[in-house]
Amino acid sequence: MGVLLGVLLVGSLFIVKAAFVGFVVLAVGIAVVELSLALRPAGVRLPVVALLAGVVAMLVGAYVWQTAALLGALGLTALAVCFGRLLGGREGYVRDVTAGVFVALYVPFLAGFALLLLRPDDGPFRVLLFVAVAVASDVGGYVAGVLFGRHKLAPTISPGKTWEGLAGSALLCLAVGVAGVMILLDGTWWTGLVLGVVATATATLGDLVESMLKRDVGIKDMGTLLPGHGGVMDRLDSLLPTALVSWLVLTLLVPPG
């Protein structure tokens, strides 16, 4: 399943950009639904319709009209969450609205930066690089953690993470960042180092944030759509924050090709 999704992702990037936009909208929409279901045992009732409308508005807006549309759609989604929850009664209103705005900010808004990366002529290579550094962080951390992991990084949040795993994440992420920036974007080696450093930090922290969410509501995975991998949100945890910092680094340091 993971290989098939990867092939579809890369194919949509380089054949029809609009197809990749549709892929992202679908994945993020599913992730929002997974979060809404995961939060229910904790008593949180998200205004799902308003959030899904926000997913479409933010992601399509980011690709078509860029940053201003992404920011504007986020604001409108926050208002829609506030207004949409009015019908649910007074009890738990602040809790549900706060959770809804958090979901809008953390999932579709951050995903929007992946579509901002896609806009330039060399956008497919930028997106491919952003995904590559996030995956490199996960893979490097897993391999180094299994082989050398001894010292726990955050035992109360994610017992499987170790400092040795973090070092493995950094090494592979830096290598992929340097090679990717130089080969795919004709950028400087030090830009790749910057990308690798920030991607290691955001990919690791993104994973810890989702682990904290799951521990708070008492679940193992956000969903079951991807056998052996949990839900879609479980695959997006490191990608979402990394999309933002990748957009910042590549926009500021690598001129569009």
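**Briefing: helix packing around α9**

In this predicted model, R126, L129, F130, V131, V133 and A134 of helix α5 meet L239, T242, A243, S246, L250 and T251 of helix α9. By class, that contact of α5 with α9 holds eight nonpolar, three polar and one charged residues. Helix α9 also packs with helix α4, at an angle of about 35°. The chain as a whole contains nine helices and two strands.

**Overall chain**

- In sequence order, the elements follow the pattern α-α-α-α-α-β-β-α-α-α-α.
- The radius of gyration is 18 Å, which agrees with the value near 18 Å for a compact globule because the chain has 257 residues.
- The C-alpha trace spans about 55 × 45 × 30 Å along the principal axes of the chain.

**Helix α5 with helix α9**

- Two packed helices are described by the angle between their axes and the distance between the axes.
- For α5 (residues 123–148) and α9 (residues 239–253), the angle is about 130° and the axes lie 10 Å apart.
- That angle makes α5 oblique to α9.
- The crossing of α5 and α9 is right-handed.

**Helix α4 with helix α9**

- Helix α4 covers residues 93–118, and its axis is 8 Å from that of α9.
- The crossing of α4 and α9 is left-handed.
- On the α4 side, the contact is made by Y106, V107, L110, A111, F113, A114, L116 and L117.
- On the α9 side, the contact with α4 is made by L240, P241, A243, L244, S246, W247 and L250.
- By class, the contact of α4 with α9 has 14 nonpolar residues, one polar residue and no charged residues.

**Helix α7 and the residue after it**

- Helix α7 (residues 189–217) has 29 residues.
- From first C-alpha to last, α7 reaches 42 Å, close to the 42 Å expected at 1.5 Å a residue.

**G145 in helix α5**

- G145 is found in helix α5.
- Apart from its neighbours within four places in sequence, G145 is in contact with T162 and G165.
- G145 and L76 are 69 residues apart in sequence, and their C-alpha atoms are 42 Å apart in space.

Conventions. Residues numbered from 1 in each chain as written. Predicted model: local features only at pLDDT ≥ 70, side-chain atom pairs only at ≥ 80, totals over all residues. Heavy atoms only, no water. Axes fitted to C-alpha atoms, helices over the stretch in contact; angles between N-to-C directions. Helix = DSSP H or I, 4+ residues; strand = E, 2+ residues; numbered from the N terminus. Parallel < 35°, antiparallel > 145°, perpendicular 65-115°, else oblique. Left-handed = near helix turned anticlockwise from the far one by under 90°. Contact = heavy atoms within 4.5 Å. Nonpolar A, V, L, I, M, F, W, Y, C, P; charged D, E, K, R; others polar. Expected span 1.5 Å × (residues − 1). Rg over C-alpha atoms; globule rule 2.2 N^0.38 Å.
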